[in-house]
Amino acid sequence: MATVQFDRVTHLYPGAPTPAVDSLDIEIADGEFIVLVGPSGCGKSTSLRMLAGLESVEEGRILIGDTDVTGLPPRARDVAMVFQSYALYPNMTVAENMGFALRNAGMNKSDTMVRVREAAKMLELEPLLDRKPAKLSGGQRQRVAMGRAIVRRPQVFCMDEPLSNLDAKLRVSTRSQIAALQKRLGATTVYVTHDQVEAMTMGHRVAVLREGKLQQIAAPRELYDNPVNTFVAGFIGSPGMNLLDAPVDDGAAVLGNLRIPLPRTAKTGNRVVVGIRPESWEVTTDADNSLTVDAELLEELGAESYVYSHAATPGESDGGRNQPQAWNSRSGKVVVRVDRRFRIALGDRLHLRPKLEEVFFFDADSESRLH
């Protein structure tokens with residue numbers, strides 16, 4: 001296996017006003033499993049395709065090990081690609097599909113079958129080697145596609161949203177198999193997904209991209225606990241962090257009747273973005289110094305529930321104490337996680353207080369984290 005380096009790499013599609021990937025700078029260790037994640041159009045698949053040699057590099061360079069592969073054709077890079085589409089040959093058996101690239105490269109039949117059987121054992125495909133793709137499930141087809149990459153024993157594995165065609169339950173089981181297999185092989189792996197839960201589950205480190213630019217790269221827990229800006233804070237986590245635009249008054253962020261002291265070292269203007277994760281709210285019966293919201297959607301998950309709510313307006317039920325809101329939620333909702341024993345009905349009015357040690361603050365203009 002080998003290290004991988006994106007050295008200020010840029011790609012611009014013809015006719016596009018801005019780069020699809022803009023000065024991407026990432027170093028990937030030998031044997032590391034790194035995930036590129038972000039919304040559609042953020043440049044994650046383009047980055048992977050540049051590594052594989054399927055897209056050009058306008059600026060910067062890509063290194064695999066000590067070799068600059070920027071100008072090399074795909075076949076010379078020793079990279080194996082697993083695509084979103086299984087792309088299996090329907091007229092070939094599983095064994096023939098897995099061994100096709102080796103046979104095409106001139107390896108004899110017996111040596112090819114040795115590698116195919118080794119990979120099939122890892123992927124639990126041994127009973128299926130004589131079947132054709134039409135007689136396989138979606139998960140089995142994806143494992144065959146992975147086996148086709150594994151038998152090549154490349155320096156780097158590139159996986160472009162390989163689980164997106166699977167149903168939800170199968171995605172969960174298959175991603176655990178991929179993570180376990182990567183650990184067993186010790187293979188340097190670059191994995192692309194738009195699913196942040198998938199990214200947080202599988203990656204040693206996760207790189208968050210937005211509009212072609214790297215926002216933050218860190219271990220999953222570090223991304224969750226210490227997001228560098230509002231984009232990372234809102235993207236990482238399911239549901240994402242509540243981001244609330246609030247006015248600043250006398251050293252505190254003001255959310256309705258709730259005042260949250262700002263860090264003494266934080267330099268803010270007249271407004272600030274307050275970040276509070278769904279699990280960092282506490283429901284109280286006291287309307288004073290709390291955020292008042294009305295429940296409009298309940299997401300029941302068994303052990304816990306998520307309440308999707310919106311800012312309440314003054315009414316008789318609170319004696320008119322809930323003043324017109326001088327803040328707004330960037331998502332349009334305030335999401336609260338509650339224990340399953342806490343009974344809430346649609347339309348219920350809730351009074352919320354955050355756990356102060358779990359509140360984040362971001363600059364309203366730059367969207368960067370304030371400390």
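Q: What should I know before reading the values?
A: The model is predicted: local features need pLDDT of at least 70, side-chain atom pairs count only at pLDDT 80 or more, and totals for chains, interfaces and linings use all residues. Residues are numbered from 1 along each chain as its sequence is written, and side-chain values use heavy atoms, leaving out hydrogens and water.

Q: How many cavities of 30 Å³ or more are there?
A: Rolling a probe the size of a water molecule over the atoms shows where empty space is left. A cavity is a set of points, on a 1 Å grid over the protein atoms alone, where a 1.4 Å probe fits but cannot get out. Grid points are joined across faces, edges and corners, and the volume is the space filled by probe spheres set on the points. Here the count is one. The largest cavity has a volume of about 70 Å³.

Q: Which residues line the largest cavity?
A: Lining residues have an atom within 4 Å of a point. Among them are Phe33, Met146, Phe157, Leu181 and Gln182. Helix 4 (138-150), strand 7 (156-160) and helix 5 (168-185) each give two or more residues. Helices (H or I, at least four residues) and strands (E, at least two) are DSSP runs, numbered from the N terminus. Helix 5 gives the largest share, four residues.

Q: Which aromatic pair links distant parts of the chain?
A: Rings of Phe, Tyr and Trp (its six-membered ring) pair if their centres lie within 6.5 Å; planes under 30 degrees apart are stacked, over 60 edge-to-face, the rest tilted. The whole structure has four aromatic pairs. Phe33 and Tyr191 have ring centres 5.7 Å apart and planes at 35°, so they are tilted. Phe33 lies in strand 3 and Tyr191 in strand 8, 158 residues apart.

Q: Is Tyr191 buried or exposed?
A: Buried means under 20% relative accessible area, exposed over 50%, partly exposed in between (1.4 Å probe, protein chains only). Tyr191 is buried, at 0%. Phe33 is buried too, at 1%.

Q: Which strands pair with strand 11?
A: Two strands pair if DSSP finds at least two bridges between them. Strand 11 (residues 242-249) runs antiparallel to strand 14 over six bridges. Pro247 has Arg271 as its bridge partner there. Two bridges join strand 11 to strand 18, also antiparallel. Strands 11 and 12 form a hairpin with two residues between them. Six of the eight residues of strand 11 are buried.

Key. On a 1 Å grid over the protein atoms alone, a cavity is a set of points where a 1.4 Å probe fits but cannot get out, and a pocket is an open set with protein on both sides within 12 Å along at least five of seven lines; lining residues have an atom within 4 Å of a point.
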